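Dear colleague,

I am handing over the structure we spoke about, and I would be grateful if you could look through it alongside the notes in this message.

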Amino acid sequence: MPEKSNLHKLSEAGVSVWIDYLSRDLIHEGELERMMREDAVVGVTSNPTIFQKAISSGTSYDEQLKELFETGETDPREIFIQLAYRDVTAACDLLRPVWDEGKGKDGYVSWEVDPTLAYKRDETHDQAMRLHELADRPNLHVKIPATKPGLGAIEDCIAVGRNINVTLIFSLQRHREVIESYILGLERLVAAGKDPSKVASVASFFVSRVDTEADRRLDEIGGHDDLKGKLGVANARLAYQQWKEAFSGDRWETLASKGATTQRCLWASTSVKNPAYRDTMYVEELIGPETVNTMPQETIEAFQDHGEVKPSSIEHDLESARRLLQDLAKAGVDYDDVVEVLEQEGVQKFADSFDELLEGIQSKQGELQPA
């Protein structure tokens, strides 16, 4: 038998491997099927930035765009939903056997709500419901950002049995609030007599951006090189401990007895931004049972080439992780401010990408429609 790949070994260590991009070429050129087979990929996430690049830089979407323009549709938001619908549902169908075989553990494709709605609870909820109804696939996750208003939308969607990928989580406090929203939603679902076993959710905790921001502040302060490149992993390790604590005890056992499943931690933003750091560190240091790691192409290739599988590395040196927060505070880095800034920037970056995407669609309209 051929030796198992590094990513297959990672999967055996309890980590579900998802990829963090979705495009028409990925699906129709057989690349997603290959990655499912060779790279142990069992899920896909998408975001406006990925779509924006795919639509603006190539011709894969031109034929469908022409069709939509010919129907008289002019709203770029509606056009984008139709473009994304085709890719998302095709990916869902490719991954459906994974979902079936694992009884709903993996095989998901994530479709993000309009990021410009991030601070509008009702509008976010309404669009999340619309996307679920439009796709009509049991292995769809709709992505909702973990802003304060987003928490209510998340709870409301879970309460009616919808799968949600909660994105843009940076802080331990917000992670606790996300878990609470999920559990409250499940309790409402059960109280309504519905089956919680059919609901799945992940909490997307961002990693590399945390180091980028903390390191930038340490550079401004000067010195403290020993604290650099550590907060991203420490933050995620402490989040995993929160997960273990939240999904235990009487309250959770009551839901679990009715079939509810935990809201797994998903490690997002796992490409290493600083070339001085090991390019697989955000995979190697966050290996643990019942976790998801969503990776870009370059991280998948790097891990397949030279990644090390360290089972349960996410449990290593927790005392150092806790102490790091204290050491950063002493050095002058305010953790609460770091994660607050990152949330605001994360929402803004996705909103900016979405605006660029809409502009790209409008530009295509000028190119593709006859004068």
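This is a predicted model: local features need pLDDT of at least 70, side-chain atom pairs count only at pLDDT 80 or more; totals for chains, interfaces and linings use all residues.

The largest pocket has a volume of about 600 Å³, and 30 residues line it, with Asp20, Asn47, Arg209, Ser269 and Lys273 lying nearest its centre. Several elements give two or more residues to this lining, among them strands S5 (164-169), S6 (201-206) and S7 (264-268) as well as helices H4 (48-57) and H10 (208-221), while the most comes from H16, which gives five residues. Sorted by class, the lining of the largest pocket holds eight nonpolar, 13 polar and nine charged residues.

The second largest pocket has a volume of about 480 Å³, and of the 23 residues that line it, Gly104, Tyr108, Ser197, Val199 and Ala200 are the closest to its centre. Its lining is made up of six nonpolar, nine polar and eight charged residues.

Turning to the helices, the axes of H7 (residues 121-135) and H8 (residues 148-159) come within 8 Å and cross at roughly 35°, and the crossing in which H7 passes H8 is right-handed. On the H7 side the contact involves Arg121, Thr124, His125, Ala128 and Met129, which meet Pro149, Gly152, Ala153, Asp156 and Cys157 in H8. By class, the residues of this contact of H7 with H8 comprise five nonpolar, three polar and two charged.

With best wishes

Methods
Residues are numbered from 1 along each chain as its sequence is written. Side-chain values use heavy atoms; hydrogens and water are left out. On a 1 Å grid over the protein atoms alone, a cavity is a set of points where a 1.4 Å probe fits but cannot get out, and a pocket is an open set with protein on both sides within 12 Å along at least five of seven lines; lining residues have an atom within 4 Å of a point. Grid points are joined across faces, edges and corners, and a volume is the space filled by probe spheres set on the points. Helices (H or I, at least four residues) and strands (E, at least two) are DSSP runs, numbered from the N terminus. Ala, Val, Leu, Ile, Met, Phe, Trp, Tyr, Cys and Pro count as nonpolar, Asp, Glu, Lys and Arg as charged, and the others, Gly among them, as polar. Axes are lines fitted to C-alpha atoms, for helices over the stretch in contact, and angles run from 0 to 180 degrees between N-to-C directions. A crossing is left-handed if the near helix is turned anticlockwise from the far one by less than a right angle, and right-handed if clockwise. Contact means heavy atoms within 4.5 Å.
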